[in-house]
Amino acid sequence: MDRLTKDDVHPKILQRLLEDTDVTIEDALENEMILNMGPQHPATHGVLRLLLRLDGETVIGCVPDVGYLHRGYEKMAENMSYFEFIPHTDRLDYISPTANNVAWVLAVEKLAGIEVPVRAQYIRMIIAELARIASHLVAIGSFAMDVGALTVFLWTLREREKIMDIWDILCGARFTNSYTRIGGVANDAQPEALALVEKFIDEIDANLSECESLLNTNRIFIERLDGVGVISKEDALSYGFTGPNLRASGVGFDLRRATPYLQYDKVDFRIPTFTEGDSLARYFVRADEVRESAKIVKQCLQLMPKGEIKANLPKSVLPQKVEVYSKMEELIHDFMIVNFGINPPVGEVYHAIEGSKGELGFYIVSKGEGHPWKCKIRSPSFIHIQSLPHLVKGHMVSDVVAIIGSIDPIMGEADK
Amino acid sequence: MELKELISQKLNDNFVDAELEFSEFRYELSVKLNKKFINPVCKFLKEDPELEFLLCEDITAVDWAKRKNRFTVVYHIFSIKNSFRLVLKADVDENDCNIDTVSSVWKTSNWQEREVFDMYGIKFNAHPDLRRIYMPEEFEYHPLRKDFPLLGIPGSLPLPKK
């Protein structure tokens with residue numbers, strides 16, 4: 001096989017390689033070392049590569065490298081209709097797909113000026129909060145596994161499995177749900193699904209406490225996180241932190257309160273905040289949020305009225321499938337919407353929801369056509385990964401694993 | 001005074017030459033300004049004690065393809081104190097494809113500007129680390145430009161030799 005010569009490699013890559021591998025071997029004990037962590041490391045929560053500059057075991061510099069998963073979803077969104085993009089939002093943060101659906105349809109509805117029936121709004125709140133619980137359960141479990149506690153991971157995944165069973169009944173899919181539609185949700189929540197939701201919500205507190213009893217009294221777990229990866233309130237804001245990561249640094253900012261959407265102003269919940277800003281605080285915020293989300297779901301089940309689950313706007317809202325097969329008018333509307341799309345007015349909107357990782361926003365520019373002229377996804381994980389050099393500096397290599405777990409990145413979302 | 005009026009008044013008083021244009025769509029206030037003023041305006045909005053736009057949510061660009069000023073750089077900033085979101089916009093021409101960085105105002109804009117640079121080819125003056133973020137370093141094109149085809153350009157990424 002031919003070997004690559006210097007001329008075969010692009011000069012820019014060559015330059016970068018020379019910069020990255022700045023290692024001399026005259027005196028091994030006095031030199032810094034470059035360590036490539038990832039992109040396939042099990043603790044990087046996806047294809048994230050970290051270039052670490054080490055002095056012994058202490059990290060003195062870090063360059064995060066993303067983009068290995070980049071699928072160009074923004075470009076694709078510009079070439080498909082607003083409806084067609086709903087399933088693609090599932091693949092962003094694949095641990096809480098339904099919340100991404102909700103964020104996308106809310107942005108489109110804001111652009112098109114569509115008012116959604118109250119029942120559909122409550123159903124959306126329920127699925128968004130269940131998605132948050134599922135996401136936090138995975139976050140807590142995998143975080144614990146990163147620092148060496150495997151049992152908790154199995155227990156939290158057991159709980160998450162129950163949520164997936166709910167999704168299975170609710171929309172027929174366990175993992176990539178695509179349950180929402182522009183103007184409402186795909187179908188009404190079945191009584192058996194709601195019964196499962198109620199059962200899950202009643203049990204989650206006790207089951208989470210069981211997981212916590214393994215962690216909160218575990219000296220190794222606490223000492224590996226306490227004071228590790230500290231970020232101050234000012235730095236967190238400057239780095240664009242949102243969601244649990246920001247609230248762990250003492251800023252009680254939550255979009256469900258700051259810019260209420262759906263029916264969040266009708267339900268009562270607490271915004272958990274901690275002031276330490278370290279990895280342990282980020283874990284505590286997530287655990288507390290699971291309980292608050294359960295509280296919200298419980299209230300939604302009580303407040304949810306009976307009625308329509310889709311807005312009555314035949315020109316911009318897809319009809320129910322059962323009617324498409326039996327009625328001419330519905331068939332025509334379905335055909336028109338699927339083939340030519342809804343045409344929102346010329347304009348641009350940004351709509352963000354409080355996702356499980358932080359602020360998940362969609363910026364859409366419309367030229368009045370069936371597809372967006374421009375779609376930008378503001379993904380929290382992308383923003384959070386940027387702060388890794390700040391967080392890991394001065395810590396040990398083993399702490400890097402804990403710090404990545406504590407900011408809970410999802411590479412599907414970071415790389416879009 | 002309503003917050004929207006307060007913002008427009010403060011900006012008008014402090015930046016007379018910035019060619020400010022205010023507009024509103026779906027209750028969102030947006031301000032278009034001359035790109036030369038982006039850094040001082042952002043700094044002012046962040047540091048003014050009544051406004052405190054501490055959170056830079058998003059920076060992106062729009063490619064209008066056929067307009068004279070081909071690109072618009074769009075900033076979404078949020079004031080936690082007032083629970084208010086403001087949109088800043090600055091036009092950038094293809095022939096003079098650069099704008100000042102705001103990474104000295106918000107640290108988060110470092111990566112967001114790198115993303116805009118990678119996807120649209122807009123240079124950010126005085127940016128501390130302007131490199132591609134998603135695409136490989138030797139990639140010549142900017143994928144989110146409207147003239148870049150959806151299926152990519154054959155040969156734009158090197159394949160293994162036969």
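Student: What pattern does chain B follow along its sequence?

Tutor: In this predicted model, chain B reads α-β-β-α-β-β-β-β-α-β. The letters stand for three helices and seven strands. The C-alpha trace of chain B spans about 70 × 30 × 30 Å along its principal axes.

Student: Why are helix 5 of chain A and helix 7 of chain A called roughly parallel to each other?

Tutor: Their axes cross at roughly 25 degrees. Angles under 35 degrees count as roughly parallel, and therefore helix 5 of chain A and helix 7 of chain A get that name. The two axes come within 12 Å, and the crossing is left-handed.

Student: Which residues of helix 5 of chain A meet helix 7 of chain A?

Tutor: On the side of helix 5 of chain A they are A:R119, A:I126, A:L130, A:I133, A:L137, A:I140 and A:A144. Their partners in helix 7 of chain A, residues 191–215, are A:L194, A:V197, A:F200, A:I201, A:I204, A:L208 and A:L215. By class, this contact has 13 nonpolar residues, no polar ones and one charged.

Student: Why are helix 5 of chain A and helix 12 of chain A called roughly antiparallel?

Tutor: The axes of helix 5 of chain A and helix 12 of chain A, residues 279–303, cross at roughly 155 degrees. Angles over 145 degrees count as roughly antiparallel, so the name applies to helix 5 and helix 12 of chain A. These axes come within 9 Å. Helix 5 of chain A passes helix 12 of chain A in a left-handed crossing. The contact divides into 16 nonpolar, three polar and four charged residues.

Student: Which residues meet in the contact of helix 4 of chain A with helix 5 of chain A?

Tutor: A:T98, A:A99, A:V102, A:V105, A:L106 and A:E109 in helix 4 of chain A meet A:R124, A:I127 and A:A131 in helix 5 of chain A. Six of the residues in this contact are nonpolar, one is polar and two are charged.

Student: How do you know that B:K81 touches residues elsewhere in chain B, and which are they?

Tutor: Contact means heavy atoms within 4.5 Å. Leaving out residues up to four places away in sequence, B:K81 touches B:P49, B:E50 and B:E52. B:P49 is 32 residues from B:K81 along the chain, and their C-alpha atoms are separated by 9.7 Å. B:K81 itself lies in the loop between strand 4 and strand 5 of chain B.

Student: What is the volume of the largest pocket, and which residues are closest to its centre?

Tutor: The largest pocket has a volume of about 940 Å³. It is lined by 41 residues, and A:G67, B:Y134, B:M135, B:P136 and B:E137 are the closest to its centre. Helix 1, strand 2, strand 3 and helix 2 of chain A, together with helix 3 of chain B, each give two or more residues to the lining.

Student: How does the lining of the largest pocket divide by class?

Tutor: It has 22 nonpolar, five polar and 14 charged residues.

Student: What makes up the lining of the second largest pocket?

Tutor: The second largest pocket, with a volume of about 810 Å³, is lined by 23 residues. A:K110, A:P260, A:Y261, A:H351 and B:Y27 lie nearest its centre. Helix 4 of chain A supplies the largest share of the lining, three residues. By class, the lining has 11 nonpolar, five polar and seven charged residues.

Conventions:
Residues numbered from 1 in each chain as written. Chains lettered and ligands numbered in written order. Predicted model: local features only at pLDDT ≥ 70, side-chain atom pairs only at ≥ 80, totals over all residues. Heavy atoms only, no water. 1 Å grid on protein atoms, 1.4 Å probe; cavity = no way out; pocket = protein on both sides within 12 Å on 5 of 7 lines; lining within 4 Å. Points joined across faces, edges and corners; volume = space filled by probe spheres on them. Helix = DSSP H or I, 4+ residues; strand = E, 2+ residues; numbered from the N terminus. Nonpolar A, V, L, I, M, F, W, Y, C, P; charged D, E, K, R; others polar. Axes fitted to C-alpha atoms, helices over the stretch in contact; angles between N-to-C directions. Parallel < 35°, antiparallel > 145°, perpendicular 65-115°, else oblique. Left-handed = near helix turned anticlockwise from the far one by under 90°.
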